[in-house]
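Keep the picture in view as you read.

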Amino acid sequence: AARLSGRISTRSPQTGVSLPLDSIDAVALAKLEEGTPPAKLADVAGEELLSRGIRINKDGQPIADPKEAAARMTEIVGRFVSHQVPLLIRFGIAKPG
């Protein structure tokens, strides 16, 4: 995976197509591949991002309220799991399951 302006580019081994992932999606994908259950993914990915000094933003500003940040992370990760993961599986970048 190559870094592209704060994003990660993943290449499909099946098609050679590159798909960009932002830092939240990249961490969520790594945690899924490590076996984190989808129900715990937002919490685990959120903790990983905080340990790296990355905070969730809203309107270009870090979200200070931990509950609001957790809700936003749940929304982002939920969308990633429902929309991006099936695409990544289809392209052979992520493994099903």
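## The second largest pocket

Helices α1 (23–33) and α3 each give at least two residues to the lining of the second largest pocket. Helices here are DSSP runs (H or I, at least four residues), numbered from the N terminus. On a 1 Å grid over the protein atoms alone, a pocket is an open set of points where a 1.4 Å probe fits, with protein on both sides within 12 Å along at least five of seven lines, and lining residues have an atom within 4 Å of a point.

By class, the lining has eight nonpolar, two polar and two charged residues; Ala, Val, Leu, Ile, Met, Phe, Trp, Tyr, Cys and Pro count as nonpolar, Asp, Glu, Lys and Arg as charged, and the others as polar.

## About the model

This is a predicted model, in which local features need pLDDT of at least 70, side-chain atom pairs count only at pLDDT 80 or more, and totals for chains, interfaces and linings use all residues. Residues are numbered from 1 along each chain, and side-chain values use heavy atoms, without hydrogens and water.

## The largest pocket

The largest pocket has a volume of about 270 Å³. Of its 16 lining residues, Gly46, Leu50, Pro66, Ala69 and Ala70 lie nearest the centre. Helix α2 supplies the largest share of this lining, six residues. The lining divides into 11 nonpolar, one polar and four charged residues.

Notes: Points joined across faces, edges and corners; volume = space filled by probe spheres on them.
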